[in-house]
Amino acid sequence: MNTILVLNGPNLNMLGLREPEVYGRETLADVEQTCRQYGETLGVAIEFQQTNHEGQMIDWIHQARRRIAGIVINPGAWTHTSVAIHDALIAAEVQVIEVHISNVHRREEFRHFSYVSRVAKGVLAGFGTDGYRMAIQHFASCLEQSKA
C-alpha cells in the first residue's frame with residue numbers, strides 16, 4: 001500500500017483552457033506529470049485519474065479500499081453537490097485530502113460548502129496546483145513514519 005490515488009472531478013480535463021485567470025495555464029497532463037515525478041522522488045507510486053462521470057469517480061473510490069495509502073481528491077463541482085462521493089469516501093476507509101486549485105472561500109457563496117471536507121483529513125485550497133504536491137508530501141510522510 002505504497003500508492004497514492006489522485007482523483008480529479010468534472011471539468012478538470014479543461015485545465016489550462018478554462019478560466020486561466022482562476023485555474024492557471026497548467027494542463028491536467030502537466031499536473032499528472034508533476035505528481036508522478038514528485039511521488040517518485042518520495043518513493044511512492046501515484047495513480048492519477050480524471051472523470052466527468054460521478055459513477056466512475058465512485059467506482060475508483062470503492063476500488064481504493066484496502067489498496068491505497070491515501071486519496072488526494074479535487075472533486076471539482078461535486079465538492080458542493082455530491083452526497084454519493086461523500087458516502088463513497090467513508091466506505092473506502094482511506095484517508096483523504098481535498099485539494100482545490102483556487103481558494104473556494106474567496107469565490108461564490110455556493111462554493112463555500114463541501115461534502116468532501118466533512119470526511120477529509122485536511123483541505124488545501126488556493127495554492128494552485130502546488131496543493132497536489134503538498135497532499136502527496138503529507139501522505140508520503142505518513143507512510144515513512146509508519147515504517148519507523
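**Note on the predicted model**

1. Start with His100. Leaving aside neighbours within four places in sequence, His100 is in contact with Asn74, Pro75, Thr79, Leu124, Ala125, Gly126, Phe127 and Gly128. Contact means heavy atoms within 4.5 Å. His100 lies in strand 4. At 6% relative accessibility, His100 counts as buried. Buried means under 20% relative accessible area, exposed means over 50%, and partly exposed is in between (1.4 Å probe, protein chains only).

2. A word on the model. This is a predicted model: local features need pLDDT of at least 70, side-chain atom pairs count only at pLDDT 80 or more, and totals for chains, interfaces and linings use all residues. Residues are numbered from 1 along each chain as its sequence is written, and side-chain values use heavy atoms, with hydrogens and water left out.

3. Next, the active site. UniProt lists Tyr23 and His100 under "active site", in an unreviewed entry. They span 78 residues in sequence, yet no two of their C-alpha atoms are more than 9.4 Å apart, so they gather at one spot. Tyr23 sits in helix 1 (residues 20–23). Tyr23 is buried too, with a relative accessible area of 12%. A caution: UniProt positions are given in the numbering used here, feature names are shortened, and annotations may be inferred rather than shown by experiment.

4. His80 lies in the loop between strand 3 (70–74) and helix 4 (83–92). His80 is buried, at 13% relative accessible area. Ser102 lies in the loop between strand 4 (96–100) and strand 5 (122–125). Ser102 is also buried, at 8%.

5. The fold, in order. The protein chain has five helices and five strands. From the N terminus on, the elements run β-α-α-β-α-β-α-β-β-α. The radius of gyration is 14 Å, close to the 15 Å that the globule rule gives for 148 residues, so the chain is as compact as a globular protein of that length. The radius is taken over C-alpha atoms, and the rule is 2.2 Å times the number of residues to the power 0.38. Helices (H or I, at least four residues) and strands (E, at least two) are DSSP runs, numbered from the N terminus.

6. Look at strand 3. Five of its five residues are buried. Gly70, Val72 and Asn74 point one way, while Ile71 and Ile73 point the other way. Strand 3 pairs with strand 1 (residues 3–8) in the parallel sense, over five bridges. Two strands pair if DSSP finds at least two bridges between them. Asn8 stands opposite Asn74.

7. Three bridges join strand 3 to strand 4, and the two run parallel. Here the bridge partner of Ile73 is Glu98 in strand 4. The chain crosses from strand 3 through helix 4 to strand 4, and this β-α-β crossover is right-handed. That is, with the strands pointing away from the viewer, the path from the first strand over the helix to the second runs clockwise.

8. Last, the cysteines. Cys35 is buried, at 1%. Cys142 is partly exposed, at 25%.
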